[in-house]
Structure formats: C-alpha cells, structure tokens
Amino acid sequence: MSHQPSPDGFAPEREVRMSADDVAAFLESCGDGVLTIHADDAQSFPVSFGYDPDTDRCVFQLLSAPESAKRSLDAETPATLVAYDIGSPDDWSSVVVDGVLAEIPTPEPDDRRRYAEQATPIGMSVFDADPRVLDATWYELRPTDATGRRSP
C-alpha cells in the first residue's frame, strides 16, 4: 500500500518511524556507530558492536590507551549509541539507543561470538598508541530507550 506525502511535502510519520522489531533487526545487522558517554567530560567516539536480541543489549570491546577517558568510566555510565546507514539522501536508516553502559567483567562466549560476527572490524592504526599498551575492556549498553527512523 502506498501513502501519499502530506500537503507540506513530508512523508507520514508512520512510514518514517521504525517498530521495535525493526530497531532490533537494524542493530543486529549494523555493526558500528558512535557512542557518547555522558560523564563529567562527555566523550563521543566511533565504535564497533554486536547486538543481542535475546537480552536487548549492545556489546562492545573498547580498546583504550593509558590516558584515555574510557579507562575512567564509572561502574554504570549513562550513554547513547547512534547507529546509521546511508545509501543515498533518499535511502537511510538510523537508530538511537539511550541507556546505561556497564563493564562486563567476564564476557560470556555468546557475547564474544556475537561481537565477532556482527562488529565492524577496524585496524589497529586508528589508535595513536602502541597496540601493546592498549587495554581491552568489555562493556554492555543496557537500553532504557531505543528509537529508529528510516527513509519512507
């Protein structure tokens, strides 16, 4: 069924907003985005992630240099993940996940597997530090709200 644009030229809202199932499917297929940590000194940085639809959470393995703000995260830190895909100006999708970022002291094998299967691989050259001094810590983003939009 085709919907006509409203008189102001914009598509009806129901064609742009994603359902909860669409948001989950997008997160499961995306693999990367931008994570913002809402601490005293807010930080945003690109990340790779895996999404677990069974527990409705995003899993990250964050690498950090000794002077990185990522090493000073609280036990639970408010955070926002923005994941998006842009094929063209008329072909796009984006999801915003607000929640709490918490360390996973010992990631489960399923967490590691899901991350390896879904996360976008990156080269070590993106870090401005010797790879031997990078610390790898696992985190999960427990959503409190997730919304998605896509081109109609």
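## Sheet, helices and nonpolar cores of a predicted model

Strand S3 and strand S4 (residues 57–64) run antiparallel and are joined by 3 bridges; two strands count as paired if DSSP finds at least two bridges between them. Within this pair, Gly50 stands opposite Val59 in S4. Helices (H or I, at least four residues) and strands (E, at least two) are DSSP runs numbered from the N terminus.

The model is predicted, so local features need pLDDT of at least 70 and side-chain atom pairs count only at pLDDT 80 or more, while totals for chains, interfaces and linings use all residues. Residues are numbered from 1 along each chain as its sequence is written, and side-chain values use heavy atoms, with hydrogens and water left out.

The open sheet has 7 strands in the order S2-S1-S5-S6-S7-S4-S3, with antiparallel pairing. Strand S2 (43–48) and strand S3 (50–52) stand at the edges with a single partner strand each, so one side of each has no neighbour in the sheet. From one strand to the next, the twist averages 30 degrees.

Two helices pack on this sheet, as tabulated below. Contact means heavy atoms within 4.5 Å; axes are lines fitted to C-alpha atoms, for helices over the stretch in contact, and angles run from 0 to 180 degrees between N-to-C directions.

| H2 (residues 20–30) | S1, S3, S5, S6, S7 | about 85 degrees with S5 |

A nonpolar core is a set of buried Ala, Val, Leu, Ile, Met, Phe, Trp, Tyr and Cys residues joined through side-chain atoms within 4.5 Å. Buried means under 20% relative accessible area, exposed over 50%, and partly exposed in between (1.4 Å probe, protein chains only). The largest core has 23 residues, and those with the most contacts inside it include Leu27, Phe60 and Leu81. H2, S1, S2, S4, S5, S6 and S7 each give two or more residues to this core, with the largest share, 5 residues, coming from H2. Leaving aside neighbours within four places in sequence, Leu81 is in contact with residues including Leu35, Phe49, Cys58, Phe60 and Leu141. A second, separate core of 5 residues includes Val59, Ile104, Ala119 and Trp138.

With a disulfide defined as a pair of cysteine sulfur atoms within 2.5 Å, the count comes to 0. For Cys30, the nearest cysteine sulfur is that of Cys58, 9.4 Å away. Cys30 is buried at 16% relative accessible area, and Cys58 is buried at 0%.
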